[in-house]
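Let's take a friendly walk through this model together, one question at a time. Have the structure open as you read.

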Amino acid sequence: MVDQIIIDAEVKRRVEEEKIIKISGGSGGGARRQHTKLYNGQRQQQHPSYIQGMTRVSKQEFMSTFDNFGLATLESTTPTNDDEEEVLLIYNHAKSVPPILQHSSKLTRLNNITEAIQNCDSLNIQFTHTPIGFHPQCHLWIPASTNNLPSFHIDRYMRLLLQQQNNHHKLFDHNSPLKHVGAISTPAGVDRFDLPKFHPVISAHWKALLQFFEHADEVMTDVQSLLKENGIQPPTPTELRHINQTYTNETITVMTVNQGQIDLLVNFFCAAKSRNLDLHRVLVFVTDEESKKLVEDFSEDLGVMVYYDKWNFDSIPKGGDNVKYGDETFTSMMFAKILCVLYVNMIGYDTLYQDVDIVYYRNPLEFFDEYGSGGSQNYDIIFQHDGSSQPRYAPYSSNSGFFYARSNKKVQYLFTALLYHGDLIRKIRSHQQVLTQLLLEHSSMFGLKVKVLDRHEYNQFPGGYHFNYDHSTMHQIIKGDLEPYIFHMFWTDGKATKVKYLKQFGEWYVNDVCSREESLSSAASIDCCSEKPLIECYYKDKPSVIPCNDSPFHDKNGKSFW
């Protein structure tokens with residue numbers, strides 16, 4: 001009886017769908033035959049029924065109309081005759097075509113963005129181009145049947161050798177058949193997502209998750225108590241009810257550090273002290289007892305908070321001067337990086353996460369307070385621009401070492417998903433790569449609103465890209481013509497090089513007597529800080545506050561900064 005009721009209901013649903021299709025002028029078989037349309041009184045063969053019209057629109061104007069859809073604007077690698085790129089707007093329904101195009105059979109350009117989309121009740125966006133070094137691409141649109149919803153994902157195929165070897169061999173072969181591949185496979189056919197095996201990676205991550213689940217409530221209770229002890233109250237019930245609509249939450253700046261990177265953290269403290277900046281909202285998650293003691297010493301002078309999650313961080317290596325991007329210690333710290341944001345965000349606080357290789361010129365919370373009060377307040381998560389054009393970071397090129405995350409269910413689920421993908425981070429040794437793909441998925445699936453602060457439009461957040469490639473911005477900072485909020489020394493391999501760059505740039509404030517780990521662990525906290533930057537030349541081709549013309553070049557074919 002129940003089965004018959006279900007069958008009758010399904011039959012009724014399909015009959016109603018067919019009525020709607022007939023009323024709207026559609027047809028279940030329309031996608032399988034060509035469509036005719038009258039142009040200037042003559043019947044002409046036209047596009048398939050799911051393409052009712054097309055137009056070209058200025059890319060710059062279209063992107064600016066929608067705040068770049070949250071993306072940073074990278075320089076175009078494809079020059080055009082009029083020095084302006086265009087977007088292709090395709091109308092899938094007769095009613096979506098604007099009046100000005102309804103009797104046109106040409107692919108014309110519309111200069112009025114509002115006019116071009118005036119009848120678009122929904123808009124599907126795809127960012128696409130052929131990156132340098134990639135093979136010629138084609139795009140295939142397959143109309144879904146009447147009863148199927150469209151897919152908002154893109155599947156990718158490449159011509160690969162039928163018998164693949166391993167990820168270190170070239171697999172692309174122009175004469176081979178098309179084969180399904182991952183979205184960020186290289187031109188050679190190598191999948192940049194080298195998935196982990198159960199042993200040893202997935203099983204190790206499961207053990208870490210068990211430890212996390214067992215103590216998560218206790219840690220979040222501890223963190224909540226710590227914040228209250230420091231005068232930072234939890235969001236009120238009223239704020240919690242509106243947590244998805246407003247920026248009324250208290251914001252906590254979150255950092256994490258091990259003993260090997262502690263001098264970079266101390267430099268952050270000292271640089272902020274030299275500029276009289278307030279750090280009482282900074283919460284440092286340390287991964288060892290030694291770092292905990294040192295940050296506690298600084299907290300008496302600067303008001304910073306510290307927490308040691310002994311259950312989850314005890315096994316993380318302490319590191320040292322030789323830690324490099326992607327090595328075991330670096331990858332282990334990525335787990336701490338996920339947890340510290342997740343803990344604070346889950347208990348109701350907006351979170352500004354930042355790496356330790358950062359110095360403040362101004363408190364960036366002021367920017368996000370102001371930035372969140374305008375139309376941009378709808379963004380769930382806001383990133384510094386990384387500047388990398390690698391496909392594995394596309395399209396956002398978001399820097400995972402400095403971002404502002406609102407405390408709402410979309411962001412909380414994003415970082416829960418990132419936690420569950422910790423085994424993939426362990427395998428490919430990139431927190432940023434995994435996070436980028438989750439941003440894409442959660443933006444498409446759940447409507448997560450992502451914003452990346454363009455490195456040109458928002459040059460108040462310079463970093464390693466500017467240091468290495470945008471010397472014009474660096475000269476502006478040195479001359480005092482540009483006052484940024486922060487400087488982030490990313491795109492630099494290893495702590496030793498970061499310290500050299502910061503010294504040369506005039507942003508190193510840790511006295512030499514305290515610059516060694518054994519000295520820092522026994523230092524009198526604030527006595528380690530120099531009131532003025534300790535400047536030293538290393539390379540003539542890197543930004544420096546004083547001419548370093550007598551120093552060697554760092555880069556091959558480098559040019560003197562001065």
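## Questions and answers on a predicted model

Q: Is Asp67 buried, partly exposed or exposed?
A: Phi of Asp67 is positive, near 50°, in a residue other than glycine. Its relative accessibility is 28%. Buried means under 20% and exposed over 50%, so Asp67 counts as partly exposed.

Q: What is the value of phi near which Phe69 lies?
A: Phe69 is found in the loop between α2 and β4. With a relative accessible area of 24%, Phe69 is partly exposed. Phe69 is a residue other than glycine with a positive phi, and the value is near 55°.

Q: How many helices and how many strands does the protein have?
A: Let's step back to the whole chain for a moment. Buried residues make up 47% of the 562 residues. Among contacts between residues at least 6 apart in sequence, 69% join residues at least 24 apart. The secondary structure comes to 17 helices and 15 strands.

Q: What is the omega of the peptide bond that joins His199 and Pro200?
A: Pro200 lies in helix α4, which covers residues 198–229. The bond joining His199 and Pro200 is a cis peptide bond. Its omega is about 5°.

Q: Where is Pro395 placed?
A: The peptide bond from Ala394 to Pro395 is cis, and its omega is near 0°. As for the setting, Pro395 is in the loop between β12 (381–385) and β13.

Q: How far apart in space are Leu227 and Met305, C-alpha to C-alpha?
A: Leu227 lies in helix α4 and is buried, with a relative accessible area of 0%. Leaving aside neighbours within four places in sequence, Leu227 is in contact with Ile232, Ile252, Leu283, Met305, Ile347 and Tyr349. Leu227 and Met305 are 78 residues apart in sequence, and their C-alpha atoms are apart in space by 8.1 Å.

Q: Which backbone nitrogen does the side chain of Asn399 reach?
A: Asn399 is found in strand β13 (residues 398–405), and at 3% relative accessibility it counts as buried. A polar contact of 3.0 Å joins the side chains of Asn399 and Asp386. At 2.7 Å, the side chain of Asn399 also reaches the backbone nitrogen of Gly401.

Q: Which residues does Asn399 touch, not counting residues up to four places away in sequence?
A: Asp386, whose side chain makes a polar contact with that of Asn399, is one of them.

Q: Are helices α6 and α16 roughly parallel or roughly antiparallel to each other?
A: Two packed helices are described by the angle between their axes and the distance between the axes. The axes of α6 (residues 262–274) and α16 (residues 495–504) come within 10 Å and cross at roughly 25°. Angles under 35 degrees count as roughly parallel, and α6 and α16 are therefore roughly parallel.

Q: Which residues of α16 does α6 meet?
A: α6 passes α16 in a left-handed crossing. From α6, the residues taking part are Asp263, Leu264 and Asn267. The residues of this contact divide into three nonpolar, one polar and three charged. On the α16 side they are Lys495, Lys498, Val499 and Leu502.

Q: Which residues of α16 are buried?
A: Seven of the ten residues of α16 are buried, so this helix is largely enclosed by the rest of the structure. α16 is followed by Gly506, whose phi is positive, near 80°. The buried residues in α16 are Lys495, Lys498, Val499, Tyr501, Leu502, Lys503 and Gln504.

Q: At what angle do α11 and α13 pack?
A: α11 (residues 409–420) and α13 (residues 431–446) have axes 10 Å apart, and α11 passes α13 in a right-handed crossing. The contact is made by residues including Tyr413 and Leu414 of α11 and Leu435 and Leu438 of α13. Its residues divide into nine nonpolar, two polar and one charged. The two helices are oblique to each other, packing at an angle of about 135°.

Technical notes. Residues are numbered from 1 along each chain as its sequence is written. This is a predicted model: local features need pLDDT of at least 70, side-chain atom pairs count only at pLDDT 80 or more; totals for chains, interfaces and linings use all residues. Side-chain values use heavy atoms; hydrogens and water are left out. Axes are lines fitted to C-alpha atoms, for helices over the stretch in contact, and angles run from 0 to 180 degrees between N-to-C directions. Helices (H or I, at least four residues) and strands (E, at least two) are DSSP runs, numbered from the N terminus. Angles under 35 degrees count as roughly parallel, over 145 as roughly antiparallel, 65 to 115 as roughly perpendicular and the rest as oblique. A crossing is left-handed if the near helix is turned anticlockwise from the far one by less than a right angle, and right-handed if clockwise. Contact means heavy atoms within 4.5 Å. Ala, Val, Leu, Ile, Met, Phe, Trp, Tyr, Cys and Pro count as nonpolar, Asp, Glu, Lys and Arg as charged, and the others, Gly among them, as polar. Buried means under 20% relative accessible area, exposed over 50%, partly exposed in between (1.4 Å probe, protein chains only). A polar contact is a pair of N or O atoms within 3.5 Å; within protein, one must be able to donate a hydrogen and the other to accept it, and residues adjacent in sequence count only if both atoms are side-chain atoms.
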